[in-house]
Amino acid sequence: LKKIAVGGIGNIYLAEQRGADEFRKIVAIKAIKKEALTNEESVNLFTGEAKLVADLIHENILQVFQLGKINDTFYIVMEYADGIDLVDLLDTVRAKKLFIDTDMTTFIISRIARALSYAHNAKNIYGDPQNIVHRDVSPANIMVTYGGVVKLADFGIAKAVNMSSPDELEFLMGKLSYMGPEQAQFQGTDGRSDIFSLGVVMYEMLTNQVLFDVESWEELLDKHKTFSPLSIREINPAVPEGLETILNKCLQMEPINRYQMAKDLVFELEAYMYSKGYGPTNEKLRSYLKGLYPANKFEGI
C-alpha cells in the first residue's frame, strides 16, 4: 500500500494480505534492498531473522508470518504494529521539554525485559535451547502501539546457537551507543549484554540524554573505561531511588555484577511497579500516548 520505513538493508511497506472469501489482513512487509542482494552476509542476516523469529510467539515480540522470495528478492511478512518507536516518543517529549512519565518508562522497559527473557530461554520444536541474544536493543527497535502494547522488533543481527552469523569475536555488531563493554571489546555476548543495552535505553528514557553519545568505536571504549553508575535523580528528580537502583544494576560494566537473567530484571521492575497496588498497564500507556499524539491516531482503537 505504501512505504512506511527505511532500514539498513531493507525497506518496510504497509500491505494488505488477501485470502479466500474476501479475507483481508493488514500486515507489514520488509523487502531486502536490491543493493544488499549482492552481499551474501546481508542476505543471510535478512533470511536468518525471519527463520529465527518465526517460532517466537510472545505479546512483546513483533511477529513474523512468512519469508518469501519473488524475482530473486527476499521479503518478510510480519505483524503491523500501529504506533511509534521509542525514537519518536523520545523526540516528542523532548520537543515538549518533558521527561517520559516514570511509570510509563518502567512499564515499557519491563515489557521489553519480558520479551528478552522469553527469547533468551526459547527452545526449538525438539526442546533444544536456542540461546538467542538480540544484540541490538535500542530505541529504534522498540515499538509502542497506540493501543499501549510494547514490542521488541528487528532481530536482524540476533545470534542463536543454530544460526550462521558473522563471528562477533571478529566483527562488531550493533549500534555503538547501546552496546555493552563485552560486545564492544569483541568478547562475545550473552543475555546479560542485552540487559546492559536495555539499561542504556532506560537511562535515556529517564533523562532524555544518550548515555554513551559517541561517534566512533574508540570513543565508546574510552567512555566505557571511565564510566561508573551515577545518580540520575540529579537530572530528573522524579525518578525514585528504587528505580535508580534497578537501573544502576543493569549498567554494571562487569556482566557478573548485572542481573544474570532477564527474568530477574522483570521481577525487580514488576515488584517495584505493583508493590503499592494497581500500577501501569497497557490501557494506562494508551491513555498516556493519547495525551501526546493527535486524536486521529487513535481512531478505531
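Predicted model: local features only at pLDDT ≥ 70, side-chain atom pairs only at ≥ 80, totals over all residues.

Trainee: How is the pair of Phe186 and Trp217 arranged, stacked or edge-to-face?

Mentor: The angle between the planes decides, and over 60 degrees counts as edge-to-face. Phe186 and Trp217 have 65° between their planes, which makes the pair edge-to-face, and their centres are 5.8 Å apart.

Trainee: Where in the chain do Phe186 and Trp217 lie?

Mentor: Phe186 belongs to the loop between α4 (181–184) and α5 (191–207), while Trp217 is in helix α6 (residues 217–226). The pair thus links distant parts of the chain, 31 residues apart. As for accessibility, Phe186 is partly exposed, with a relative accessible area of 26%. Trp217 is also partly exposed, at 31%.

Trainee: What kind of pair do Phe196 and Phe212 form?

Mentor: Planes under 30 degrees apart count as stacked. Phe196 and Phe212 form a stacked pair, with 20° between the planes and 6.2 Å from centre to centre. Phe196 lies in helix α5 and Phe212 in the loop between α5 and α6, so this pair ties together parts that are 16 residues apart in sequence.

Trainee: Are Phe196 and Phe212 buried or exposed?

Mentor: Both Phe196 and Phe212 are buried. Ring pairs also join Phe196 and Phe212 with Phe227 in a cluster.

Trainee: Which charged residue sits over the ring of Tyr259?

Mentor: That residue is Lys249, whose charged end is 4.7 Å from the centre of the Tyr259 ring.

How values were computed
Residues numbered from 1 in each chain as written. Heavy atoms only, no water. Phe/Tyr/Trp six-rings, centres within 6.5 Å; stacked < 30°, edge-to-face > 60°. Helix = DSSP H or I, 4+ residues; strand = E, 2+ residues; numbered from the N terminus. Buried < 20%, exposed > 50% of the residue type's maximum accessible area, 1.4 Å probe, protein only. Lys NZ or Arg CZ within 6 Å of the ring centre and 35° of its normal.
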